[in-house]
Amino acid sequence: MTQAALALTASGIPGEHDYAVTGIDSRKLGMWAFLASECLFFGALISTYMLYRSRAPLGKSPHDLYDIPYTSVSSFVLLMSSLTMVLALAAIQRGDHARLRLWLLATAMLGMVFIGGQVYEFTVFTEKGLNLSHSVAGSSFFVLTGFHGAHVSVGILWLLSLVGFSLRDELPVERSLNVEIAGLYWHFVDVVWIVIFTVVYLIPSK
Amino acid sequence: MDDTTTAIAVPSEPTDDALSPAAHAHPDPAQYVRVAVALAAITAVEVTVYYLNLPAKLLVGVLVGLASIKFALVAAYFMHLKFDAHLLRRVFLTGIILACLVYPVALFTLKVLFH
């Protein structure tokens, strides 16, 4: 058996040499392919909202209820969570596990602040008479922002699981790709919000 | 194990062809902070522009332009598309371009049908 084959057998860590014929790690390529498909998923939801956003009774469309300064702060929080996420990746690549856990927790916390803000916004809208079944405008708004919130929530769980693995010393420098892939997902959720904030909140419906 | 078996068993390492010239030379934390400051500043400009009562078409143009810059900054620096393999950029751009082509056509068609 050659040295290369022996090294492969001896590595024992699943995916350590998980390169496809492209020369790129299969997991990373797979994540990018997933994110490309998510562009189409969110594209469908944003288009549906664009089509139906003016179809609501007078004074009860989502645009009449938006609180732009409040949503701007939420957007800022999510943008900053992308910074803490990329700092977490830089930390594990340096082998600084304490900073890795600190930045991952900061990212998860900022994500929770964003989700808390979204829950508050949904509550205010519901109290003012706009809900999922109120009108097609309301339905398309809640489905779009709700699905984005669900993605953020999945990301928070993912980040917290990485903190858990790190605490149990199961996230060595050699597995920094695990953090990079979680980061790709988190940054994607951020760029989707960049589009939603502009198209849904800032661009006027009429 | 003969040479043929080895060739099948050992996956290929990343090739130069798949990587950009600066592949894996990710920015340092200071550069990430600078990008984040730029993102925050652009968001502040977006909100300011929203309150300026610009003509609708100009407002849409400016807001879409600013959002595109933010999108590109996050994708290029935080997601490392500027530094990683070209193939990853192509895969992601395929999704974005498909979404940008398919849904405007669908919206236009539905608008024509409804009116």
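The crossing of α4(A) and α5(A) is left-handed, meaning the near helix is turned anticlockwise from the far one by less than a right angle. Helices here are DSSP runs of H or I, at least four residues, numbered from the N terminus. This is a predicted model, where local features need pLDDT of at least 70, side-chain atom pairs count only at pLDDT 80 or more, and totals for chains, interfaces and linings use all residues. Residues are numbered from 1 along each chain as its sequence is written, with chains lettered from A and ligands numbered from 1 in the order in which they are written.

Back to the pair. The axes of α4(A) and α5(A) come within 8 Å and cross at roughly 165°. That makes the two helices roughly antiparallel, a label for angles over 145 degrees. Axes are lines fitted to C-alpha atoms over the stretch in contact, with angles from 0 to 180 degrees between N-to-C directions.

Now the core. The largest nonpolar core has 73 residues. Such a core is a set of buried Ala, Val, Leu, Ile, Met, Phe, Trp, Tyr and Cys residues joined through C-beta atoms within 7 Å. Buried takes 20 or more other C-beta atoms within 10 Å, exposed 12 or fewer, partly exposed in between, with C-beta atoms placed from the backbone. Which helix gives the largest share? α7(A), with 17 residues.

Last, B:Ile69. Its place is in helix α3 of chain B. B:Ile69 is partly exposed, because 15 other C-beta atoms lie within 10 Å. The C-alpha atoms of B:Ile69 and B:Leu88 are separated by 20 Å.

Key:
Angles under 35 degrees count as roughly parallel, over 145 as roughly antiparallel, 65 to 115 as roughly perpendicular and the rest as oblique.
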